[in-house]
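I opened this notebook to keep track of what I looked up, one topic to an entry. Each entry keeps to a single part of the chain.

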Amino acid sequence: MTASTAGAAASERAGASRRSGTFYRGDPGMWSWVLHRITGVLTFFFLFVHVLDTALVRVSPNAYDAIIETYKTPLVNLMEVGLVGAVLFHALNGIRIILVDFWEKGARYQRVMLWSILGVWVLVMIPGTYFMLERTVSELLGGGN
């Protein structure tokens, strides 16, 4: 293949990509890649804030106590459920990625493993969400201690 032929083929592929929008078509593997990055960034920012608010106890114990009180709100409780969901997905998908990379049959079974980790994620998140939100829902409906 000559350089001009290769250039024309690349140009045609790029033109086809621009016409249809993208090479990706919403494959579940692509979405797991996107979610893995998003959950990793969210986890990083949580850890960053957690280190900062914990360090605040040394600077101003009163300010630390005030911040801890804001963490007892229903909105923060809902955010905690989201955090647990993000960390759990990131961990399970990380195991799947390790298996795809280091297990000789990993690439062949990557789609099955993706659906399996999603199933495990749902099975863990349903009772986890219930127990995490139980007190908040009870308090909001007037049955709190």
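**Entry 1: the whole chain**

I began with contacts (heavy atoms within 4.5 Å), and I noted that among those in the protein between residues at least 6 apart in sequence, 63% join residues at least 24 apart. Before going on I wrote down that this is a predicted model, in which local features need pLDDT of at least 70 and side-chain atom pairs count only at pLDDT 80 or more, while totals for chains, interfaces and linings use all residues. I also wrote down that residues are numbered from 1 along each chain as its sequence is written, and that side-chain values use heavy atoms, with hydrogens and water left out.

I then looked up the elements, where helices (H or I, at least four residues) and strands (E, at least two) are DSSP runs numbered from the N terminus. The protein has 5 helices and 0 strands, and from the N terminus on the order reads α-α-α-α-α. For burial I used relative accessible area, with buried meaning under 20%, exposed over 50% and partly exposed in between (1.4 Å probe, protein chains only). On that basis, buried residues make up 18% of the 145 residues in the protein.

**Entry 2: helix α2 and its partners**

How do α2 and α4 pack? I took axes as lines fitted to C-alpha atoms, for helices over the stretch in contact, with angles that run from 0 to 180 degrees between N-to-C directions. Helix α2 (residues 28-59) packs against α4 at an angle of about 130°, and their axes are 9 Å apart. That makes α2 oblique to α4, given that angles under 35 degrees count as roughly parallel, over 145 as roughly antiparallel, 65 to 115 as roughly perpendicular and the rest as oblique. I recorded the crossing of α2 and α4 as left-handed, a word used if the near helix is turned anticlockwise from the far one by less than a right angle, with right-handed used if clockwise.

From α2, the residues that meet α4 include Ser32, His36 and Phe46, and those they meet in α4 include Phe89, Asn93 and Ile97. By class, this contact of α2 with α4 has 7 nonpolar, 8 polar and 1 charged residues. Here Ala, Val, Leu, Ile, Met, Phe, Trp, Tyr, Cys and Pro count as nonpolar, Asp, Glu, Lys and Arg as charged, and the others, Gly among them, as polar.

Next I turned to α2 and α5, which pack at an angle of about 55° with their axes 10 Å apart, and these two helices are therefore oblique to each other. The crossing of α2 past α5 is left-handed. Pro28, Gly29 and Ser32 of α2 make the contact with Arg111, Leu114 and Trp115 of α5.

Is asparagine 93 buried or exposed? Asparagine 93 is in helix α4 (residues 74-102), and I found it buried, with a relative accessible area of 1%. Leaving aside its neighbours within four places in sequence, asparagine 93 is in contact with Ser32, His36, Leu114 and Ile117. From asparagine 93 to histidine 36 there are 57 residues in sequence, yet 6.9 Å in space, C-alpha to C-alpha.

Glycine 106 lies in the loop between α4 and α5, and it is buried, with a relative accessible area of 0%. Beyond its neighbours within four places in sequence, glycine 106 touches Leu99, Val100 and Met113.

Arginine 111 is found in helix α5, where it is partly exposed at a relative accessible area of 40%. Setting aside neighbours within four places in sequence, I listed Asp27 and Pro28 as the contacts of arginine 111.

**Entry 3: salt bridges**

How many salt bridges are there? I counted a side-chain nitrogen of Lys or Arg within 4 Å of a carboxyl oxygen of Asp or Glu, and by this rule the count comes to 2. In one of them the side chains of glutamate 69 and lysine 72 meet (3.1 Å, N to O), and glutamate 69 is partly exposed at 47% relative accessible area. Glutamate 139 and arginine 135 also meet in a salt bridge through their side chains (3.3 Å, N to O). Being 4 residues apart in helix α5 (residues 110-140), glutamate 139 and arginine 135 are separated by about one helical turn.
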